[in-house]
Amino acid sequence: MQATAPEDSRLVALSQEGDLAAFNALVERYQGQVYNLCWRMLGLREAAEDATQEAFLAAYRNIRRFRGPGFRAWLLRIAANAATDELRRRHRRPQVSLEAPISDSETALDLPDPSAGPEEWALRREQARCLQAALLTLPLDQRLSVILSDVQGLSYEEVGQAMGSSLGTVKSRLSRGRARLRRYLLEKGELSLPGQRPTQ
Amino acid sequence: MRNPFVRRHPFGEEELSSYLDRWLSPAESARLEEHLASCEPCRRRLEGLRAVVEGLRALPSGPAPRSFALRPEQVEAARRQTPVGPAAWVQRAYAFSPAGVAAAALLLFFVLVGVDLATLGGEGGPQSVAPAPSAKEAFESGRALSAAPAPTPAPAPPLAAAPPTIAADEEGRGATTPEPTVGAATPTEAPATVEPPGAAKEGGDAGRWVLRGFQGAAGAVFLATIAALVWQRRRGRGVGRT
């Protein structure tokens with residue numbers, strides 16, 4: 001199991017005593033990861049911002065209940081719940097369709113390294129856009145496991161902590177999610193296999 | 001009989017995915033590699049999965065578009081939303097494990113049913129629950145029944161006259177209790193000390209209905225908690241949802 005880093009432990013202990021500055025230090029440290037998770041789950045910038053803010057508020061309200069072992073996994077679990085709630089809220093009151101094609105402004109996060117050549121840059125950008133669209137077709141549990149493991153690079157154990165699931169369940173969701181993405185991209189003709197098109 | 005596809009391609013998506021993450025044991029990996037060496041479709045599936053995983057890992061993770069640090073007024077607003085007093089007590093009560101609440105409700109239900117049955121047996125007593133006749137008695141009564149017409153049961157004495165009371169009659173004849181030696185009870189005092197049997201029965205009925213009301217409530221709490229558990233499981237409730 002991924003334990004809380006020593007610096008995190010100190011900040012968490014201070015936050016549990018009501019120290020807002022210490023909690024905000026944790027926010028600064030993890031807001032990129034939390035926002036990225038929400039953005040990948042929702043595919044909309046505004047919705048991702050709302051979910052991220054809600055996640056940190058919920059984390060602050062519940063920080064006294066945190067007993068370990070991993071603060072990051074605990075926080076990402078709250079973020080995943082906030083994103084799921086945001087998704088349901090938007091499905092109940094649709095202002096912007098979550099199935100709508102992702103616009104250029106929404107893919108700001110997917111902009112690759114501009115140091116690559118223009119052709120490479122355009123290719124990577126298109127691939128990122130396709131993958132994000134494919135992610136949004138997955139059921140929520142598979143989407144979350146794929147994002148946590150393959151996009152955010154968490155270990156199986158941490159994914160299990162963040163999802164409140166066993167290792168076996170994580171493996172199963174992850175493999176089904178990946179297989180579904182493979183089929184989706186094959187159908188769309190966007191899967192680049194070695195020898196056909198570079199993936200990186 | 002196994003599916004011909006599974007027979008030809010024994011490694012499923014989960015094994016292929018675990019292989020990519022190096023989660024298969026050395027023996028399983030060796031078996032898979034041996035199969036891949038001779039199976040083009042499985043090689044293509046594996047390469048497809050590898051391309052997906054590499055594509056996902058290459059997705060850029062940009063910084064947050066703004067700071068999400070909490071401001072004191074946000075925290076204060078969130079604190080104001082947190083209920084205090086009785087509302088907080090209710091929320092804490094709901095914070096108990098639903099499975100525990102369901103188990104407690106079920107236990108209470110069975111305890112109340114047990115009390116109800118025990119009370120029913122006590123009240124019925126000699127009238128409603130007659131002792132079972134022995135085999136000999138049953139045999140003899142059967143012979144008597146076959147020899148003579150069935151006797152009509154003697155009419156039961158009126159309920160009010162059945163139990164002996166202190167005030168049996170005006171002169172005290174038939175009273176089962178000894179005469180008081182000091183200060184004889186006046187006729188007006190006697191009924192006050194012993195409740196009329198009809199009233200006792202009505203009281204017992206009312207008590208039973210109250211008991212059954214509690215039984216119903218416990219059963220309803222049990223069913224509602226189970227329904228809430230199912231709903232919560234479908235919704236995937238977790239940390240941070242308040």
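1. Helix α8 (residues 167-187) of chain A and α4(B) cross at roughly 95 degrees. α8(A) and α4(B) are therefore roughly perpendicular to each other. Their axes come within 9 Å. Please keep in mind throughout that this is a predicted model.

2. Who makes that crossing? From α8(A) come Arg178(A), Ala179(A), Leu181(A), Arg182(A), Leu185(A) and Leu186(A). From α4(B) come Gly48(B), Leu49(B), Val52(B) and Val53(B). By class, the residues of this contact are seven nonpolar, one polar and two charged.

3. Now the wider interface. In chain B, 35 residues are in contact with 55 residues of chain A. Three helices of chain B, α2 (13-20), α4 (40-57) and α5 (72-81), each give at least two residues to the side that touches chain A. The largest share of that side comes from α4(B), with ten residues. The side of chain B that touches chain A holds 18 nonpolar, eleven polar and six charged residues. As background, the size of an interface is often given as the accessible area lost when the parts come together.

4. Both chains are built from helices, with no strands. Chain A has eight helices and zero strands. Chain B has ten helices and zero strands.

5. Chain A has 200 residues, and 48% of them count as buried. Chain B has 242 residues, and 8% of them count as buried.

6. Contacts along the sequence come next. In chain A, take the contacts with a separation of 6 or more: residues 24 or more positions apart account for 63% of them. In chain B, among contacts between residues at least 6 apart, 71% join residues at least 24 apart.

7. The largest nonpolar core has 68 residues. Those with the most contacts inside it are Leu37(A), Cys38(A), Leu42(A), Ala55(A), Leu75(A), Ala79(A) and Ala83(A). One of them, Leu75(A), is in contact with Tyr30(A), Val34(A) and Ala59(A), leaving aside neighbours within four places in sequence.

8. Why is Leu37(A) buried? Because 28 other C-beta atoms lie within 10 Å of Leu37(A), and 20 or more are enough to count as buried. Not counting residues up to four places away in sequence, Leu37(A) touches Leu76(A), Ala79(A), Ala80(A), Ala83(A), Ile147(A) and Gln152(A). The C-alpha atoms of Leu37(A) and Thr52(A) are separated by 8.8 Å, and the two residues are 15 apart along the chain.

9. Thr52(A) is also one of the buried residues of α3(A). The others include Ala47(A), Ala48(A), Ala51(A), Gln53(A), Glu54(A) and Ala55(A). Also buried in α3(A) are Phe56(A), Leu57(A), Ala58(A), Ala59(A) and Tyr60(A). Helix α3 of chain A covers residues 45-62. Its 18 residues should span 26 Å at 1.5 Å a residue, and its end C-alpha atoms are 25 Å apart, which agrees.

10. Compare α3 of chain B. This helix covers residues 26-38, so 13 residues in total, and reaches 19 Å from its first C-alpha to its last. That is close to the 18 Å expected at 1.5 Å a residue. Is α3(B) well covered or hardly covered? α3(B) is hardly covered: one of its 13 residues is buried.

11. Ser15(A) sits in helix α1 (residues 6-16) of chain A. Ser15(A) counts as buried because 24 C-beta neighbours lie inside 10 Å. Leaving aside neighbours within four places in sequence, Ser15(A) is in contact with Ala22(A), Phe23(A), Leu26(A) and Ile63(A). The C-alpha atoms of Ser15(A) and Leu26(A) are separated by 9.1 Å, with the two residues eleven apart along the chain.

12. Most residues other than glycine have a negative phi. Phi of Arg22(B), however, is positive, near 60 degrees. Arg22(B) is found in the loop between α2 and α3 of chain B. Arg22(B) counts as exposed because 7 C-beta neighbours lie inside 10 Å, and 12 or fewer is the cut-off.

How values were computed
Residues are numbered from 1 along each chain as its sequence is written. Chains are lettered from A and ligands numbered from 1 in the order in which they are written. This is a predicted model: local features need pLDDT of at least 70, side-chain atom pairs count only at pLDDT 80 or more; totals for chains, interfaces and linings use all residues. Two residues are in contact if their C-beta atoms, placed from the backbone, lie within 7 Å. Helices (H or I, at least four residues) and strands (E, at least two) are DSSP runs, numbered from the N terminus. Ala, Val, Leu, Ile, Met, Phe, Trp, Tyr, Cys and Pro count as nonpolar, Asp, Glu, Lys and Arg as charged, and the others, Gly among them, as polar. The expected span of a helix is 1.5 Å times one less than its number of residues. A nonpolar core is a set of buried Ala, Val, Leu, Ile, Met, Phe, Trp, Tyr and Cys residues joined through C-beta atoms within 7 Å. Axes are lines fitted to C-alpha atoms, for helices over the stretch in contact, and angles run from 0 to 180 degrees between N-to-C directions. Angles under 35 degrees count as roughly parallel, over 145 as roughly antiparallel, 65 to 115 as roughly perpendicular and the rest as oblique.
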